[in-house]
Amino acid sequence: MLNDRPFQKEVDRIYEAFQAYLNSPPRLEDAPRTVYFCMEYGLHESLPFYAGGLGVLAGDHIKAASDLGIPMTAVGLFLREGYFRQRFDHSGWQLADYPAMDPLDHPMSLVHGPDGYPLVITVHLAVSHFTCEPGSWKSAACRCTCSMRRSTPTPSRCAS
């Protein structure tokens, strides 16, 4: 594909258009900085952080804010296995697959703190009597900052 000149030109054109979108000036001057909290966001089907209505609505809010250039940060959960993918066996029974998502295969990057180390946010869960420190991932799917908190603790960062 890299030697396919027309294909490469089309990829370059799409990339340049996306960069122009990301760098375009905001349509609303002096818009307040806003944080949008939701458990799930339907930004794109390749980022399976949503199950339906609420996630799609939240994603639409973020995409609209991005289009308008409103400085908005979306905060939600990074579900490494996302929501299940439905399939059926030979007798018609529903089967649910939970494929693990590698954030490095998507437009996401690990958020680092001022010290250069991955940002750690400590969450104390009194009900379960343990402390977990989920990581934070940032998605580059639009002009808004989409900060997704890892929802599964790593053993080295979770003490009972």
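Which side chain meets that of Arg13 in a salt bridge?

## A pair in helix H1

In this predicted model, the side chain of Arg13 meets that of Glu10 in a salt bridge, with a distance of 2.7 Å from N to O. Both residues belong to helix H1, which covers residues 5-23, and because they are three residues apart in that helix, about one helical turn separates them.

As a general point, side chains of opposite charge can pair when their charged atoms come close.

## A pair in helix H2

A search of the whole structure finds three salt bridges, and another of them joins the side chains of Asp60 and Lys63, with 3.7 Å from N to O. These residues lie in helix H2, made up of residues 53-68, where they are three residues apart and therefore separated by about one helical turn.

Asp60 counts as partly exposed at 39% relative accessibility, and Lys63, at 31%, counts as partly exposed too.

## A pair between two strands

Where do the partners of the remaining salt bridge lie, if Asp97 and Arg87 are traced to their strands? Asp97 forms a salt bridge with Arg87, and the closest N and O atoms of the two are 2.6 Å apart. Asp97 is found in strand E4, residues 94-97, while Arg87 is found in strand E3, residues 85-88, so this pair ties together parts that are 10 residues apart in sequence.

## Cysteines and disulfides

A disulfide is a covalent bond between the sulfur atoms of two cysteines. How many disulfides does the count come to in this structure? The count comes to zero, when a pair of cysteine sulfur atoms has to lie within 2.5 Å to be included.

Conventions:
Residues numbered from 1 in each chain as written. Predicted model: local features only at pLDDT ≥ 70, side-chain atom pairs only at ≥ 80, totals over all residues. Heavy atoms only, no water. Salt bridge = Lys/Arg side-chain N within 4 Å of Asp/Glu carboxyl O. Helix = DSSP H or I, 4+ residues; strand = E, 2+ residues; numbered from the N terminus. Buried < 20%, exposed > 50% of the residue type's maximum accessible area, 1.4 Å probe, protein only.
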